[in-house]
Each structure stands twice: as structure tokens, then as C-alpha cells.
Amino acid sequence: MTHASSYTRVPEPGEYVAFEPGEYDFPDAAHPAEPAGPPDFAAIREHPDFVLLRRRITRFVFPASALFLAWYLTYVLLAAYAPGFMAHRVTGSVTVGLLLGLSQFVSTVAIMLWYARFARKNVDPKVAELRRAAGETDHDR
């Protein structure tokens with residue numbers, strides 16, 4: 001006996017335009033506001049602003065990840081295939097390998113700060129805008 005998984009995809013509604021204002025979307029004395037239901041996530045996912053936001057995040061995350069991965073693999077390959085270079089003393093007992101290893105932590109923090117700034121300036125305002133358009137308030141979160 002099989003049963004539907006809790007992850008079964010529900011069919012999406014037919015043709016519609018997300019966030020298109022309706023006749024009585026703006027409450028007034030003649031037409032009081034109706035309680036809003038949950039956000040229509042399928043409509044939000046296909047909204048052009050959401051698609052643009054996902055693209056903007058992807059254009060940041062993939063190059064930053066590739067850059068860090070290349071930097072990390074360079075460090076690993078140097079450690080494996082250039083031990084003489086990595087053992088070269090810079091000063092006292094501080095070697096090139098030690099400095100490059102510690103710089104991995106520095107670069108991780110730098111990328112984290114870079115992303116936090118990027119998100120604060122480019123992502124968070126758009127997310128707030130999309131939430132307002134979807135009818136979500138701070139109370140709903």
C-alpha cells in the first residue's frame with residue numbers, strides 16, 4: 001500500500017498575473033478590507049521581481065563560491081605538490097604555508113562581510129518590497 005508523500009506537488013492554478021490589483025484591493029469606507037489569506041507562493045515564485053532577485057543572488061553567490069574554491073584548492077595543491085615553497089620561512093618560525101593557511105580564515109570572513117553588505121544593499125530591500133506586495137506584514141512572520 002502506498003500513500004502520497006507530504007512532498008507531493010500540488011497542481012498550480014491556470015493563467016493569472018501575480019500582484020495585479022483587483023477592483024477592491026484598496027479598502028475604503030464603501031469596501032472594507034477583507035482579512036488576507038496566506039501568501040500565494042506559486043505566484044510570488046513566478047513574479048518578475050522575484051525572478052530578478054534570485055538571479056541577482058545567483059550572480060553573486062556562484063562567482064564568490066568559485067573564487068573561494070579556487071583559492072582553497074590552490075592552497076591544498078601547494079601544500080601537496082610544493083612543500084619546499086610552503087616550508088619557506090618568512091620570519092622566525094612563520095612559514096608561507098602558515099600564512100596561506102591563516103589567510104583562508106581571513107578570506108572566509110571577508111567573503112562573509114562582502115555578502116552581508118551585498119544582501120543589505122541589494123537583496124533585503126527587494127525582499128521587503130516583495131513581502132509588502134504579497135500582503136505579508138511583520139506580524140505574519
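Author: Let's start with one term: buried means under 20% relative accessible area, exposed means over 50%, and partly exposed is in between, using a 1.4 Å probe and protein chains only. This is a predicted model, where local features need pLDDT of at least 70, side-chain atom pairs count only at pLDDT 80 or more, and totals for chains, interfaces and linings use all residues. Residues are numbered from 1 along each chain as its sequence is written, and side-chain values use heavy atoms, with hydrogens and water left out.

Reader: Why is leucine 69 called partly exposed?

Author: Leucine 69 has 47% relative accessibility. You'll find leucine 69 in helix H2.

Reader: What makes a stretch a helix or a strand here?

Author: Both are DSSP runs, numbered from the N terminus: helices are H or I with at least four residues, strands are E with at least two. By that rule the protein chain has four helices and two strands, in the order α-α-α-β-β-α.

Reader: How do you know that the length of helix H4 agrees with what a helix should span?

Author: The expected span is 1.5 Å times one less than the number of residues. Helix H4 has 39 residues (96-134), so it should span 57 Å, and its end C-alpha atoms are 53 Å apart, which agrees. H2, with 34 residues, reaches 48 Å, close to the 50 Å expected.

Reader: What makes you say there is a kink in H4, and where is it centred?

Author: The bend at a residue is the angle between two axes, one fitted to the seven residues ending there and the other to the seven starting there. In H4 there is a kink of about 45°, centred on alanine 119. After H4 comes glycine 135, with a positive phi near 90°.

Reader: Is glutamine 104 buried or exposed, and how do you know?

Author: Glutamine 104 is at 8% relative accessibility, and the cut-off for buried is under 20%, so it counts as buried. Glutamine 104 sits in helix H4.

Reader: What does glutamine 104 touch?

Author: Contact means heavy atoms within 4.5 Å. Not counting residues up to four places away in sequence, glutamine 104 touches Phe68, Trp71, Tyr72 and Tyr75. What covers the buried residues of H4 includes helix H2 (48-81), and what covers the buried residues of H2 includes H4.

Reader: What makes lysine 126 and glutamate 129 a salt bridge?

Author: Side chains of opposite charge can pair when their charged atoms come close. A salt bridge needs a side-chain nitrogen of Lys or Arg within 4 Å of a carboxyl oxygen of Asp or Glu. For lysine 126 and glutamate 129, the closest N and O atoms are 3.6 Å apart, so the pair qualifies. Both lie in helix H4, three residues apart, about one turn of the helix. The structure holds one salt bridge.

Reader: How many of the residues of the protein chain count as buried?

Author: Of its 141 residues, 16% count as buried. In H2, the buried residues are Leu53, Ile57, Phe60 and Ala64.
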